[in-house]
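Subject: Structure handover

Hello,

Here is the structure for your files. Please look it over, then read the notes below.

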Amino acid sequence: VVALIPLAGALNCEVDKALDGVQEYSYTLDVAPSDLDYWKTYGLSFQVYGNFTADNVNSATVEAGYYTEEGDLVYSVSIDCSAATWTSYITENTGKAVFQSSSVTCTEGTWDLWLKVSQP
């Protein structure tokens with residue numbers, strides 16, 4: 001069996017970095033997200049994978065977001081295991097606003113978080 005994957009469907013950047021013990025990590029795109037000739041997809045995605053342990057599963061928080069070059073919020077999501085909630089935020093004309101929120105159960109073991117922002 002042969003699988004052909006068109007290059008136009010592939011993402012143009014990938015960073016695989018172990019973040020053991022890291023409290024904060026930032027990645028700056030090499031090409032502006034507005035350059036749709038470069039980004040052959042209508043969405044940018046960011047995946048974070050982690051592991052909740054018995055020591056942190058009840059108190060852990062996970063936050064990820066997209067920010068402008070000036071540091072202004074575009075979109076973010078926050079998981080608060082101690083409150084058993086997740087919340088996503090966007091920037092509106094009046095500032096940071098809750099976009100969606102619900103309950104979550106954090107359990108010991110691996111987890112993943114996917115952020116996706118659609119392009120116009």
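Start at Ser76. Leaving out residues up to four places away in sequence, Ser76 touches Ala64, Gly65, Tyr67, Thr87, Ser88 and Tyr89. Contact here means heavy atoms within 4.5 Å.

Some ground rules. This is a predicted model: local features need pLDDT of at least 70, side-chain atom pairs count only at pLDDT 80 or more, and totals for chains, interfaces and linings use all residues. Residues are numbered from 1 along each chain as its sequence is written, and side-chain values use heavy atoms, without hydrogens and water.

Ser76 sits in strand β3, residues 73–80. Strands are DSSP runs of E, at least two residues, and helices are runs of H or I, at least four, numbered from the N terminus. Ser76 counts as buried because its relative accessibility is 7%; buried means under 20% relative accessible area, exposed over 50%, partly exposed in between (1.4 Å probe, protein chains only).

Next, Ala84. This residue lies in the loop between β3 and β4 (85–92). Its phi is positive, about 55 degrees, although Ala84 is not a glycine. Most residues other than glycine have a negative phi. At 31% relative accessibility, Ala84 counts as partly exposed.

Now the whole protein. It has six strands and zero helices. The order from the N terminus is β-β-β-β-β-β. Of its 120 residues, 22% count as buried. Among contacts between residues at least 6 apart in sequence, 43% join residues at least 24 apart. The protein exposes about 9,200 Å² (Shrake-Rupley method, 1.4 Å probe). Carbon and sulfur atoms supply 50% of that area.

Best regards
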